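Subject: Structure for you to look at

Hello,

Here is the structure I promised to pass on. Please have a look at it first, and then read my notes below.

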Amino acid sequence: MTVSAILSAVRASTPLVHCMTNTVVPEVTANVLLAAGAAPAMIDLPEEAAIFATVASALLINVGNGLSEQHEGMRRAAAAADGAGTPWVLDPVAVGALPVRTQLARDLLAHRPTAIRGNASEILGLAGASGGGRGVDATDEVDAAIATAHRLSADTGAVVAISGPVDVIVSAGRTTRVTGGDPLMPLVIGTGCALGATVAAALGATRDTHAPHDAVVAAHALFGAAGLAAAELASHPGSFRTAWLDALHALTPDEVAALVTVEDEP
Amino acid sequence: MTVSAILSAVRASTPLVHCMTNTVVPEVTANVLLAAGAAPAMIDLPEEAAIFATVASALLINVGNGLSEQHEGMRRAAAAADGAGTPWVLDPVAVGALPVRTQLARDLLAHRPTAIRGNASEILGLAGASGGGRGVDATDEVDAAIATAHRLSADTGAVVAISGPVDVIVSAGRTTRVTGGDPLMPLVIGTGCALGATVAAALGATRDTHAPHDAVVAAHALFGAAGLAAAELASHPGSFRTAWLDALHALTPDEVAALVTVEDEP
Amino acid sequence: MTVSAILSAVRASTPLVHCMTNTVVPEVTANVLLAAGAAPAMIDLPEEAAIFATVASALLINVGNGLSEQHEGMRRAAAAADGAGTPWVLDPVAVGALPVRTQLARDLLAHRPTAIRGNASEILGLAGASGGGRGVDATDEVDAAIATAHRLSADTGAVVAISGPVDVIVSAGRTTRVTGGDPLMPLVIGTGCALGATVAAALGATRDTHAPHDAVVAAHALFGAAGLAAAELASHPGSFRTAWLDALHALTPDEVAALVTVEDEP
């Protein structure tokens with residue numbers, strides 16, 4: 001499916017995205033999903049999360065900064081999503097650098113995430129190939145993580161996305177580069193975490209098409225295009241954030257496709 | 001009391017609003033209360049919440065996405081508010097759709113909320129008249145919930161507000177419609193949840209007048225007017241959010257009253 | 001060290017600030033740190049917090065609205081920071097007014113915070129000199145807390161900062177006044193809490209210089225200057241917040257130093 005078709009499907013179907021995310025980004029994540037045409041629902045309590053993961057269009061599990069009860073909810077929700085066929089996304093924030101979340105994220109791989117999205121350090125950390133970065137900082141380069149990402153994809157069946165100045169999305173036999181965004185994006189908290197949620201929205205809107213790689217690419221294209229559009233209007237992070245949220249809503253699917261470069265490696 | 005008099009009372013008395021709310025909206029809720037002239041205090045720990053509910057001007061309990069310890073705090077705070085005569089607002093987010101919060105919200109009714117605010121699905125779900133919506137989405141229409149809202153009001157003694165394109169506020173013998181707002185408002189997370197907090201602020205500022213229906217109406221009028229004012233300046237959710245927060249602060253009580261339509265049904 | 005040199009050191013070294021803060025302000029705190037040139041990492045889980053406090057550049061502990069597990073994490077992190085020589089900041093939100101956090105904050109003093117930042121009521125409450133304010137409101141005046149702040153500094157070894165219309169920073173033999181900011185700042189939630197995090201960033205960027213008083217002053221100068229700059233562009237809190245975040249990023253260290261008045265009392 002094309003980027004434009006997938007983003008149109010999000011707007012047409014308003015996928016309900018069950019978000020289990022860290023304490024820093026729930027509000028911006030919800031605002032991003034609403035701007036992109038999806039519907040957010042943050043549900044952490046284990047008993048409720050296990051139910052909701054079976055009825056939501058898609059699930060996001062972001063392991064940054066949860067308390068123990070949220071971690072328990074994540075375990076139950078991932079299992080429930082796997083059982084119900086709900087597509088789900090794992091965002092391994094600071095995995096590799098901190099022990100509890102590293103164990104949690106690796107355990108969750110048994111529940112077959114549809115996609116995994118992180119920066120290079122986190123992808124390496126999840127795969128056991130690195131000691132991890134410093135928190136959410138990306139200290140490793142995207143290209144240095146591609147081979148590991150392919151191995152992680154082969155081991156788990158997930159589409160694996162590495163975020164960076166150029167995003168790289170890999171799955172069996174495919175490596176896709178998405179070029180867009182702006183250097184101000186990493187200065188706005190949540191532009192990474194909300195991308196994981198938007199990946200879930202794209203997967204949820206297209207779950208019957210069995211084209212998860214394309215859905216992951218489309219979500220990255222939307223973020224990259226909105227970053228480019230916002231940079232036309234703002235040069236500091238406060239106003240950039242506002243312009244970027246506007247652009248997520250204002251850009252048509254065709255405009256997104258026209259703004260960014262999406263290239264499959266041969 | 002008039003809308004203008006109640007909003008003036010908020011600005012004059014700076015009611016201290018104890019907020020126990022979900023993980024998504026604490027920041028926007030606090031900013032909205034400050035813009036409207038109130039003072040927010042988020043306190044969830046059971047031991048502290050039970051104390052603070054007796055000294056605050058008003059209390060908000062929003063059952064969207066809390067952990068078990070917060071739920072315990074809500075139970076203790078509602079009981080304490082009831083005992084101390086502190087007006088309090090129940091926001092039954094996703095009640096009817098998810099079991100733990102549905103039980104919690106129904107249990108809390110025993111502590112006599114002064115007002116209940118939700119969308120139509122949530123009001124129906126709280127009253128046991130519906131299976132509930134999908135998360136915070138309103139899948140039921142406002143008008144279809146009015147009769148149930150009157151019954152809920154009669155059973156609990158609370159003023160019941162149903163949020164939608166037109167808001168309807170009901171209590172014994174009264175049904176009031178507030179027209180205002182903008183279709184962009186549901187695309188900004190927290191415009192519903194922060195309304196519950198603003199209802200609490202209006203109740204807290206006027207608790208000696210024993211006119212809770214008017215206070216609930218006034219809070220809805222403020223939100224509707226700010227939505228109308230923001231829509232003059234912004235057409236996408238990022239900049240709309242900024243303009244709406246500005247308008248909550250900039251509009252005088254008389255300007256609010258002039259912008260929206262408030263009509264009591266005969 | 002001068003204000004300009006310290007703010008330049010923050011931008012040059014990107015200190016990694018471990019934040020353990022309340023549920024209301026994590027997002028704005030992260031955005032402020034990024035705008036100022038630092039890197040935020042919010043980590044509350046006790047096992048992870050105890051590890052991270054030893055590797056971070058600095059630690060912030062803000063006792064506003066945490067759950068029991070976060071409180072346990074704060075105790076472990078403060079002990080770990082003290083043991084590792086990590087500079088750390090205590091922000092005693094609503095201490096004096098609420099019992100659990102008051103006990104927590106006083107217990108944490110044993111782990112030798114590098115700096116303590118709060119409003120006058122909170123500083124008095126922490127020192128046991130007052131019954132505390134109403135939540136995060138400052139009901140006491142800055143000047144009335146200076147003598148107590150000096151005593152608290154002598155007892156703990158910490159630099160103590162009192163926030164208000166004019167900020168006062170005290171340590172052994174020094175009392176410094178920082179003039180700047182704008183009356184709109186208290187209407188934007190997190191301008192106080194994020195200041196505590198920025199104090200930690202300044203301490204982390206200059207930990208080898210052993211000049212914590214100057215670092216605390218520099219963080220206050222940055223906030224005051226950004227408030228002045230934002231007030232040139234905005235007169236309501238929504239747009240003020242955006243302009244203020246922009247200014248934190250846009251102002252050069254020299255511009256900050258030129259905008260505010262920093263005066264040591266003789």
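Before the rest, some housekeeping. This is a predicted model, in which local features need pLDDT of at least 70 and side-chain atom pairs count only at pLDDT 80 or more, while totals for chains, interfaces and linings use all residues. Residues are numbered from 1 along each chain as its sequence is written, chains are lettered from A and ligands numbered from 1 in the order in which they are written, and side-chain values use heavy atoms, with hydrogens and water left out.

Next, chain B against chain A. Their contact (heavy atoms within 4.5 Å) takes 29 residues from chain B and 26 residues from chain A. The two chains bury about 2400 Å² between them, 60% of it on carbon and sulfur atoms; buried area here is the accessible area (1.4 Å probe) that two parts lose on being put together, summed over both. Only 10% of the interface residues of chain B are also interface residues in chain A, so the copies meet through different surfaces.

There are two salt bridges between chain B and chain A, a salt bridge being a side-chain nitrogen of Lys or Arg within 4 Å of a carboxyl oxygen of Asp or Glu. B:R241 and A:E27 meet in a salt bridge, at 2.5 Å from N to O. On the side of chain B that touches chain A, the elements giving two or more residues are α2 (26–36), α4 (68–84), α5 (99–108) and α10 (237–250) of chain B. Helices (H or I, at least four residues) and strands (E, at least two) are DSSP runs, numbered from the N terminus. The most comes from α10(B), with five residues.

Finally, chain C against chain A. Here 26 residues from chain C and 29 residues from chain A are in contact, and about 2400 Å² is buried between the two chains, 60% of it on carbon and sulfur atoms. Two salt bridges cross this interface. C:E48 forms a salt bridge with A:R101, where the closest N and O atoms are 2.8 Å apart. The side of chain C that touches chain A draws two or more residues from each of α2 (26–36), β2 (39–42), α3 (46–55), α4 (68–84) and α10 (237–250) of chain C. Of these, α2(C) gives the most, with six residues.

Best wishes
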